[in-house]
Each structure stands twice: as structure tokens, then as C-alpha cells.
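Subject: The structure you asked about

Hi,

Open it in your viewer and follow along as you read.

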Amino acid sequence: MDKLLQVAHLKKVFPQKDRPDIVAVDDVSFSLQPGEKLAIIGESGSGKTTVARLIARLTDATEGKIILAGEDITRAGGAQLKKAYAKMQMVFQNPVDSFDPRCTLGDGISESLINHGRSRAQATAITQKLLAMCELGEEFARRYPHEVSGGQCQRAAIARALAIEPQLLILDEATSALDVTVQAEIISLLNRLQQERQMAYLFICHDIALVQDFCDRVLVMQAGRVVEAGTAEEVINNPRQAYTRTLLDSVL
Ligand SMILES: Nc1ncnc2c1ncn2[C@@H]1O[C@H](COP(=O)(O)OP(=O)(O)OP(=O)(O)O)[C@@H](O)[C@H]1O
Ligand SMILES: [Mg+2]
């Protein structure tokens with residue numbers, strides 16, 4: 001099967017004045033098949049968010065390659081990036097910033113759909129459907145980002161990302177702020193989409209039980225590098241690295 005995402009020798013250096021440069025991501029390589037659910041775990045500051053931001057083209061790679069559905073997007077911008085965003089969407093931890101404060105959540109989601117070629121009528125219908133699937137009632141479409149709770153805004157951000165019907169969804173601690181029952185609903189929605197549409201996930205999460213339950217494979221990051229990789233079963237139940245064992249012990 002063709003790979004959906006291929007990341008090769010990815011490196012990100014943040015140059016610093018008067019201090020050593022920060023190497024946030026160092027020689028990270030992995031790939032993702034359509035429909036696969038891959039988790040990245042690792043201690044705080046290990047480079048997980050930077051990997052997600054690199055793939056999502058929110059920051060430029062210092063070295064390495066990012067191939068999405070056969071296309072090299074390492075330096076993508078403009079029309080090529082827009083095309084990439086039809087295949088790949090991401091939800092980060094602080095979604096409030098990702099919505100325009102002057103637009104209602106409904107308009108924010110609809111605009112994104114219109115941007116990706118839907119008519120206004122289609123966009124409105126899809127928005128309502130997705131908000132409902134993310135456990136948000138009809139009235140949320142008319143609310144502004146500052147008028148909803150953090151968890152509600154998070155669900156609206158997930159709804160917006162799913163509305164595009166991407167092949168890959170990157171979730172960076174995107175379900176962490178949700179209470180357990182809503183989180184379970186979102187995870188079951190993600191599982192359903194994985195089965196129905198072969199949707200793949202890059203899932204960054206501190207909740208090891210959730211990772212074990214949801215993901216097929218796990219990458220473990222330490223100081224910018226992947227130090228262990230395997231099936232969720234292998235990595236969580238039988239970690240090879242002392243670092244992974246300590247990481248798992250500290251969160252369980
Ligand atoms: N814009 C930046 N400028 C300088 N250093 C940065 C920048 N962004 C991240 N870093 C550094 O890069 C390293 C990796 O950060 P990153 O946010 O990727 O970690 P993380 O694994 O997502 O951590 P957490 O679990 O706390 O979210 C950290 O040392 C961080 O301080
Ligand atoms: Mg992070």
C-alpha cells in the first residue's frame with residue numbers, strides 16, 4: 001500500500017543569540033499508511049509539537065523531507081500548501097487562537113469549507129452535521145470563540161478539521177482538555193472515520209491509556225530524537241528503552 005506520509009531525517013534548529021542553538025527535532029524519520037493511527041509520546045520538550053508543526057508546514061524544516069500522498073511538501077507554500085491542507089488537517093492544544101475572533105464558530109467552519117471548494121449551502125449543512133457529531137448543539141454555530149468553553153472550542157476545531165475530510169489528521173493534545181465522556185465520543189467518531197474513510201491520525205497525547213486504546217503504533221521521543229518505535233502493544237507493555245519505562249511509570 002502506498003504511504004500516506006513519509007518523514008525523512010527531519011531536523012529543526014532554533015538559532016539562539018548568545019546561547020547554544022536549540023535542536024528541537026533531530027533526524028526524525030517515520031511513515032504512516034492510510035488508515036493508520038500513530039502516536040507520538042515523550043517527555044515535555046522532547047519535540048512532539050515541533051514535529052507536528054513541521055509536518056503541518058507551520059514552521060520550516062532545517063533539514064529533511066516531508067512527503068504527503070507522494071508529493072514533496074517540505075517547502076510547500078501557496079497553492080501547493082492549500083492542496084496539501086485538503087489532505088491534511090491539524091488540531092492543536094489552544095484552538096481559540098485558530099478561530100477568527102470576529103467570526104462565529106459556524107462561519108469559521110463554513111469559510112474553511114468554502115475555501116476548499118464547497119458551496120455556501122453545502123458548507124452550512126456540513127458544519128451543522130459535524131458540530132452535532134462533535135457533541136455541539138446547533139446554537140454553537142452562532143457563538144463566537146470567546147463565548148464558548150475551552151473544551152467546546154476544541155470540539156469546534158476538531159469539527160472544522162474533519163469537515164474537510166482529510167486523509168490525515170494531526171492531533172496535538174487535542175482531546176486532553178475534554179472530559180472523559182466527550183473524549184470517548186470524539187475517539188469513537190475518529191475510529192468510525194478511520195474505518196469508513198481510511199483516515200489516518202498522528203496523535204500526540206500524554207494519556208498512555210488512551211494511546212494504547214486508540215493507536216496502532218507508537219513513537220517515543222527524547223530530546224528531539226525517536227528513541228523507540230513499535231506497535232502500541234510492544235512499546236507500552238514491553239518497552240525496550242529505560243527512558244520509555246521511566247516515561248510510562250511517571251504517567252501511569
Ligand atoms: N519557537 C521556538 N523557539 C525556540 N525554541 C523552541 C521553539 N519552539 C519550541 N522550542 C523548543 O524546542 C523543544 C521542543 O519543543 P516542543 O514544543 O516540540 O516539545 P513537546 O514535546 O511538544 O513538549 P510538551 O509535551 O511540553 O508539549 C523545547 O526545548 C522547546 O523549548
Ligand atoms: Mg507539545
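This is a predicted model: local features need pLDDT of at least 70, side-chain atom pairs count only at pLDDT 80 or more; totals for chains, interfaces and linings use all residues.

Residues are numbered from 1 along each chain as its sequence is written, chains are lettered from A and ligands numbered from 1 in the order in which they are written, and side-chain values use heavy atoms, with hydrogens and water left out.

**The ligand**

Let's start with ligand 1. An oxygen atom of ligand 1 sits 2.8 Å from an N or O atom in the side chain of T49. For the side chain of S44, the distance from an N or O atom to a ligand oxygen is 2.5 Å. S46 takes part through its backbone: a polar atom there is 3.2 Å from an oxygen of ligand 1. On its own, ligand 1 exposes 640 Å², and the protein buries 62% of that (areas come from the Shrake-Rupley method with a 1.4 Å probe; for residues, only the protein chains shown count as cover).

Which elements give two or more residues to the shell around ligand 1? They are β2 (22-32) and α1 (48-55). Helices here are DSSP runs of H or I with at least four residues, strands are runs of E with at least two, and both are numbered from the N terminus. The largest share of the shell, three residues, comes from α1. In total, 13 residues surround ligand 1, and the closest are S44, G45, K48, T49 and T50 (a residue is near a molecule if one of its heavy atoms lies within 4 Å of it). By class, that shell has three nonpolar, eight polar and two charged residues. For those classes, Ala, Val, Leu, Ile, Met, Phe, Trp, Tyr, Cys and Pro count as nonpolar, Asp, Glu, Lys and Arg as charged, and the others, Gly among them, as polar.

E43 lies in the loop between β3 and α1. With a relative accessible area of 38%, E43 is partly exposed (buried means under 20%, exposed over 50%, and partly exposed in between, with a 1.4 Å probe and protein chains only). Leaving out residues up to four places away in sequence, E43 touches K48, M221, Q222, Y243 and L247; contact means heavy atoms within 4.5 Å. E43 and M221 are 178 residues apart in sequence, yet 7.4 Å apart in space, C-alpha to C-alpha.

Two of those names come back in helix α9 (residues 242-251), where Y243, T244, L247 and L248 are buried. Seen down the axis of α9, these buried residues fall within an arc of 130°, so they line one face of the helix. The arc is that of the directions from the helix axis to the C-beta atoms. Turned away from that buried side are the exposed residues T246, D249 and S250. The cover over the buried residues of α9 includes β3 (37-42), α7 (208-214), β9 (217-222), β10 (225-231) and α8 (232-237).

**H206 and E173**

What joins the side chains of H206 and E173? A polar contact of 2.5 Å does. H206 is in the loop between β8 (200-204) and α7, and at 42% relative accessibility H206 counts as partly exposed. Besides E173, H206 touches G42, K48 and V251, again not counting residues up to four places away in sequence.

E173 belongs to the loop between β7 (168-172) and α6 (180-197). E173 is buried, with a relative accessible area of 8%. Its phi is near 55°, a positive value in a residue other than glycine. A223, in the loop between β9 and β10, also has a positive phi, near 45°, but A223 is exposed at 56%.

**One more to find**

Cheers

Conventions:
A polar contact is a pair of N or O atoms within 3.5 Å; within protein, one must be able to donate a hydrogen and the other to accept it, and residues adjacent in sequence count only if both atoms are side-chain atoms.
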